[in-house]
Amino acid sequence: MSKTKAIQKAMVRYISDEGIEKIHQGTLTAMEETGVKVLHEGGLAMLSDAGANVDMKSQIARIPANLIEKSLDTVPSSFVMGGREEKNDLMIQTGKVYGRNGGGPGSIVDIDSNQVRYVEERDVRDHARLVDAMEHIHIAAPVYAKDMPGNTRDIRVLKALFESTSKHINMRLLNLHSLPYVMRMAEVVAGSRDNLRQRPLITMLESPIAPLKIPDVLVETLWACGEHGIPLEICSMPITGATGPITLAGSLLMSNIEMVTSIVLSQLAHPGTPIIFTPRIMVMDMTTGYSLTGSVENALLAAAGVQLAREAYNIPVNMHGPYTDSQASDVQAGIENTYFTLLPGLAGANILTGSGHLEGGLIISFSQLLIDNELLGLFERAAAGFEVNDETLGLDAIARSISADNLLADKHTRKHLRTSRRYYPKLLTREARERWVNGGSLTMADRATSIVRELLSSYEPTPLPVETSLALQEIIDEASAKLD
Amino acid sequence: MKEELLQKLSQAVVEGEPEEAGELAARALENGLNPLECITDGLTVGIREVGQKFSCGDYFLPELIIGAEAMKAALEVLEPALIGGQEREVIANVVLGTVEGDLHEIGKTLVGTMLTANGFKVTDIGVDKSASEFIAAIKSSEATIVGASALLTTTMNQQRSLIEALEKVGLRQKVKVMVGGAPVTKAFADEIGADGYAEDAISAVDIAIRLADAAA
């Protein structure tokens with residue numbers, strides 16, 4: 001084990017010390033004996049030069065423990081992720097948790113008709129604007145518009161995001177050819193390559209393909225991120241019983257192998273590049289073949305994955321919480337999202353992703369975004385706990401209470417009124433029934449929808465300077481001329 | 001003796017034993033059994049039982065898959081031995097593949113298993129296949145249905161390209177096209193002119209049956 005424990009207050013811990021050690025040793029064994037398929041000639045060559053046993057024909061690299069340990073030593077445990085506005089900067093480190101919305105889908109629940117339709121450019125902007133307004137969501141991930149040209153859709157969406165939010169942006173490519181343009185755009189907004197490295201305004205996300213495949217786009221992105229000092233999220237997604245072992249421990253091990261291999265590929269080329277462990281282990285329903293996202297077993301894996309990354313490697317973790325298989329903002333979504341946020345959250349995840357997702361991350365919903373924002377706020381309060389000390393024990397107040405009717409106006413109450421933390425939810429109802437009925441018997445989803453409408457009509461993010469927008473457009477036009 | 005061998009063949013499928021199924025098939029031929037009879041009264045009986053156990057929740061996907069593999073292993077021995085005009089009865093020949101630029105295979109593989117278990121003859125060409133590779137397989141297997149899978153929003157367009165390619169080589173009228181994959185929707189399938197769209201492996205069977213009927 002290369003790193004010592006550095007968790008503050010992990011309140012959920014499923015795996016024993018021995019179990020963590022076994023997973024790490026299993027990772028070393030698998031990487032050295034079975035190897036991993038690296039679908040990138042340059043990546044294979046680099047591994048071979050560094051001492052790995054590489055078969056260029058089968059593209060399998062068997063990586064020895066010393067290379068692995070060396071790479072794990074240079075991965076940073078904490079770093080800054082910047083927002084376009086410095087007030088939105090994030091410190092990724094133990095003890096801090098941030099929210100990220102669920103990005104990626106090209107379909108959205110229409111706010112008026114409640115039907116699912118394709119995402120359009122206006123939705124990309126509205127969505128990012130809403131994220132900008134969300135108190136407990138700190139990182140914006142885009143959704144992808146169908147009415148944007150396919151070959152430059154990712155960079156067009158990135159510009160839309162820079163213009164619609166001043167928070168940190170998590171970006172994923174639709175095409176490898178967009179990679180250099182993404183980096184140039186980030187540099188423009190940051191002001192310079194150095195600025196970008198000091199305070200990266202974007203992180204990227206790429207996935208290995210289980211079982212045990214590192215696709216070329218992942219290697220290219222690892223290296224580009226390394227060159228620019230941009231953190232990369234390694235999104236390993238084995239499916240238990242299908243692309244990973246059916247046992248939960250086995251698929252956790254598979255995701256670890258893919259992550260550690262990605263780390264080796266990254267650190268050998270650019271030691272010190274920030275990497276974020278971002279697994280999304282799916283659970284296959286063996287009667288339907290569905291890859292479940294919100295099941296209890298998924299949540300156990302999420303919590304265990306947090307523990308593994310933090311205890312074995314001291315690497316920051318991005319886990320889903322919320323994650324639901326429900327198609328609607330209903331009770332199922334509420335239940336799944338809650339345990340899915342609590343378990344990895346209380347295990348110490350640094351970033352909780354998924355606000356706004358429905359249907360296993362296939363679609364987004366603005367109302368769900370607000371509901372999940374509330375959930376994150378509730379979680380943060382739950383994670384913060386409360387102090388037990390002489391002051392908070394309030395012996396003096398208790399002493400006074402024996403001869404008082406109540407403590408409502410007691411000086412202890414008044415002293416702690418504003419500091420004894422209460423979370424004031426915006427979407428939860430506590431009304432008496434009659435008032436609730438008179439108000440229209442609104443559900444949480446209804447209340448969320450009405451606030452979405454308000455925000456959409458009135459909320460404005462801090463605008464991006466016009467010159468910057470123009471500079472971004474120039475890059476897009478250049479790319480478009482070549483690619484569209 | 002014949003009954004015993006047929007029974008054992010069927011059991012090899014039910015118990016998911018590909019090696020044994022292959023050996024039994026060879027033994028059956030050595031003992032002069034009619035290969036077609038081995039298929040209909042041995043293998044098909046077995047795979048039907050697997051299907052029933054799956055439907056009622058006794059068997060799960062892994063058992064369905066290994067049962068289909070056992071059947072396949074026996075077919076590899078028996079089909080070449082079919083004499084003259086003998087052909088095993090299949091609902092239709094199907095080519096399955098994941099489109100170009102896409103390495104995801106699980107969904108497609110599950111569809112293949114379900115189709116095999118339900119009486120289709122499936123040629124799975126694998127992942128990252130170009131339209132011309134699909135077309136070559138359609139021609140060589142005389143398929144009347146092709147299923148194209150895509151898991152990424154970026155590779156979905158290859159499903160459209162496949163349909164265009166089929167038109168270009170004059171095969172579009174002869175082959176029904178089904179599409180699927182997580183980001184694929186009915187709306188998209190309709191937009192690109194696909195004949196069928198299945199949300200999951202189980203409904204893929206119903207779609208394929210409908211398409212086979214239409215093609216007949």
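Which residue, at 29% relative accessibility, counts as partly exposed? In this predicted model, that residue is A:Glu359.

## Positive phi angles in chain A

A:Glu359 has a phi near 55°, a positive value in a residue other than glycine. Its place in chain A is the loop that joins strand S20 (357-358) to strand S21 (363-364).

A:Asn114 has a relative accessible area of 59% and is exposed.

## Cis peptide bonds

The peptide bond that runs from A:Ala210 to A:Pro211 is cis, and its omega is near -5°. A:Pro211 sits in a loop of chain A, with strand S11 (202-206) on one side and strand S12 (213-214) on the other.

A cis bond is also present from A:Gly321 to A:Pro322, where omega is near 0°. Here the proline, A:Pro322, is part of the loop between S18 and helix H11 (331-347) of chain A.

## The largest cavity

When the whole structure is searched, one cavity of 30 Å³ or more is found. The largest cavity holds about 80 Å³ of space. Its lining consists of A:Pro279, A:Arg280, A:Ile281, A:Thr293, A:Asn298, A:Leu301, A:Ala302, A:Met319, A:His320, A:Tyr323 and A:Phe340. Two elements of chain A each give two or more residues to this lining, namely helix H10 (296-313) and strand S18 (318-320).

H10(A) supplies the largest share of the lining, three residues. In terms of class, the lining of this cavity comprises seven nonpolar, three polar and one charged residues.

## The second largest pocket

The volume of the second largest pocket is about 600 Å³. Its lining is made up of 24 residues, and those nearest the centre are A:His416, A:Thr419, A:Ser420, A:Arg421 and A:Arg422. Four helices of chain A each contribute two or more lining residues: H12 (366-384), H13 (390-393), H14 (395-401) and H15 (411-416).

The lining of this pocket divides by class into eight nonpolar, eight polar and eight charged residues.

Chain B contains nine helices and five strands. Along the sequence, these elements follow the order α-α-α-α-β-α-β-α-β-α-β-α-β-α. Taken along the principal axes, the box filled by its C-alpha atoms is roughly 55 × 40 × 30 Å.

Among the 216 residues of chain B, 47% count as buried. Of the contacts in chain B with a separation of 6 or more, 73% are between residues 24 or more positions apart. The accessible surface of this chain amounts to about 10,000 Å², and carbon and sulfur atoms account for 49% of that area.

Key. Residues are numbered from 1 along each chain as its sequence is written. Chains are lettered from A and ligands numbered from 1 in the order in which they are written. This is a predicted model: local features need pLDDT of at least 70, side-chain atom pairs count only at pLDDT 80 or more; totals for chains, interfaces and linings use all residues. Side-chain values use heavy atoms; hydrogens and water are left out. On a 1 Å grid over the protein atoms alone, a cavity is a set of points where a 1.4 Å probe fits but cannot get out, and a pocket is an open set with protein on both sides within 12 Å along at least five of seven lines; lining residues have an atom within 4 Å of a point. Grid points are joined across faces, edges and corners, and a volume is the space filled by probe spheres set on the points. Ala, Val, Leu, Ile, Met, Phe, Trp, Tyr, Cys and Pro count as nonpolar, Asp, Glu, Lys and Arg as charged, and the others, Gly among them, as polar. Buried means under 20% relative accessible area, exposed over 50%, partly exposed in between (1.4 Å probe, protein chains only). Contact means heavy atoms within 4.5 Å. Accessible areas come from the Shrake-Rupley method with a 1.4 Å probe; for residues, only the protein chains shown count as cover.
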